[in-house]
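Let's take a guided walk through a protein model, one region at a time. Keep the 3D view open and follow along as each residue comes up.

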Amino acid sequence: MTTRLYTHPIYLEHLTTPGHPERPDRLRAIERALDDEAFEMLDRVEAPTGDERTIAYAHPENFVESVRRQVPVEGFARIDGDTTLSPKSWQAALTAIGAANAAVDDVFSGRAANVFVASRPPGHHAEKATAMGFCLFNNAAIAARHAQRDHGAERVAIVDWDVHHGNGTQDIFWDDPSVLYCSTHQMPLFPGTGAKGETGVGNIVNAPLAPDTGSDHFREAFRSRVLPALDRFAPDLIIISAGFDAHHRDPLAEINLTEADFDWATGQLMDSAARHSSNRLVSLLEGGYDLHGLAFSVAAHVSRLMKG
């Protein structure tokens, strides 16, 4: 079976203010990287529009409506100092959710071996009732609930290697033992959550990394905390919150990873999916703000997914 890629032109129309790091050029850089002949066999599919009702899997209705009401007719609207809305943001966010849910459908139906979703806006900072950190809705959380509701998954694991802690995902699943959330991230750093002692009901595994550390510490965190937690949990599906801002070139953090580290981590999670999840693995783009580092890292990640 093949690796599937979901993306859509609407993601380029979620505009942010000049100089904002979470910008449409991020997806253009990924597109150029994946245009290489090495990715000729990648199954490229246009992302579907999501069902608005699925947003309620992770977020209360009044919050969803408040985001919708803030979408401007023209120009920009600010949810906070970091998080911006433009006229096409609602459609982009809905299509990001549609792609995440379609990816779950694909791996459960066998239409794809695994899936990478290149979408924006990202999602892992979106809490139950708070949009923040460039994120409107939590794509990974909605996809996990979709797997449970529509495919009977009993246990879903979300592994987040973005350099910023996924406070939103942690918030949504804090007291839900049916979802395991594992995160490697720099600490201290925005958003200020993610200490080792934050464990939920035993389903939260945080592995914070000190600034100016790199490959050795990252891989040790995987080996000592993330991978054993996955083996104990034995998930029916693994979702990756795939941020690439721990790359050494990234301007928003001080973790010194290379493309080889993302290749290695991808392979480790594929091995875990093979042991526990019938190879079911879905990867959703989160951060990554240096265009070269992002492009090279995504290429390494997708190449590893394609090797099966």
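## Starting point: Q91

Q91 is partly exposed, because its relative accessible area is 31%, and partly exposed covers the range between the under 20% of buried and the over 50% of exposed. One thing to keep in mind from here on is that this is a predicted model. You'll find Q91 in helix 3, which runs over residues 89–109.

Who does Q91 meet? Once you set aside its neighbours within four places in sequence, Q91 is in contact with I10 and T49. For a sense of distance, pick out N62 too: Q91 and N62 are 29 residues apart along the chain, and their C-alpha atoms are separated by 18 Å.

## H14, tucked away

Now look for H14, in the loop between strand 1 and helix 1. Is H14 buried or exposed? With a relative accessible area of 1%, H14 is buried.

Not counting residues up to four places away in sequence, H14 touches E22, P24, T84, S86, S89, A92, R120 and P121.

## Two cis peptide bonds

P121, which H14 touches, has something else to show you. The peptide bond leading from R120 to P121 is cis, and its omega is near 5 degrees. P121 sits in the loop between strand 5 and helix 4 (139–151).

There is also a cis peptide bond from M187 to P188, again with omega near 5 degrees. For P188, go to the loop between strand 7 (179–186) and strand 8 (204–209).

## Positive phi without glycine

Go back to the loop between strand 5 and helix 4, and this time find F134. F134 isn't a glycine, yet it has a positive phi of about 80 degrees. F134 counts as buried, because its relative accessibility is 14% and the cut-off for buried is under 20%.

D212 is another residue other than glycine with a positive phi, this one near 70 degrees. D212 belongs to the loop between strand 8 and helix 6 (215–233). Is D212 buried or exposed? At 60% relative accessibility, D212 counts as exposed, since the exposed class begins over 50%.

## Helix 8 from end to end

Next up is helix 8, residues 291–307. After helix 8 comes G308, which has a positive phi near 70 degrees.

Which residues of helix 8 are buried? They are G293, L294, A295, S297, V298, A299, A300, H301, V302 and L305. The cover over these buried residues includes strand 1 (3–7), helix 1 (25–34), strand 5 (114–117), strand 9 (237–242), helix 7 (259–276) and strand 10 (281–285).

## The largest pocket

Time to look at empty space. Rolling a probe the size of a water molecule over the atoms shows where such space is left. The largest pocket has a volume of about 250 Å³. It is lined by 15 residues, and L5, T7, H8, L27 and E31 are the closest to its centre. Strand 1, helix 1 and strand 2 (43–46) are the elements that give two or more residues to this lining.

Which element gives the most to the lining? That's helix 1, with five residues. Sorted by class, the pocket lining has eight nonpolar, two polar and five charged residues.

## The cavity

How many cavities of 30 Å³ or more does the structure hold? There is one, and the space in the largest cavity comes to about 30 Å³.

To find the largest cavity, look for its lining: W161, D162, V163, T184, H185, L209, F218, A246, I255 and L257. By class, these lining residues divide into seven nonpolar, two polar and one charged.

Definitions and conventions
Residues are numbered from 1 along each chain as its sequence is written. This is a predicted model: local features need pLDDT of at least 70, side-chain atom pairs count only at pLDDT 80 or more; totals for chains, interfaces and linings use all residues. Side-chain values use heavy atoms; hydrogens and water are left out. Buried means under 20% relative accessible area, exposed over 50%, partly exposed in between (1.4 Å probe, protein chains only). Helices (H or I, at least four residues) and strands (E, at least two) are DSSP runs, numbered from the N terminus. Contact means heavy atoms within 4.5 Å. On a 1 Å grid over the protein atoms alone, a cavity is a set of points where a 1.4 Å probe fits but cannot get out, and a pocket is an open set with protein on both sides within 12 Å along at least five of seven lines; lining residues have an atom within 4 Å of a point. Grid points are joined across faces, edges and corners, and a volume is the space filled by probe spheres set on the points. Ala, Val, Leu, Ile, Met, Phe, Trp, Tyr, Cys and Pro count as nonpolar, Asp, Glu, Lys and Arg as charged, and the others, Gly among them, as polar.
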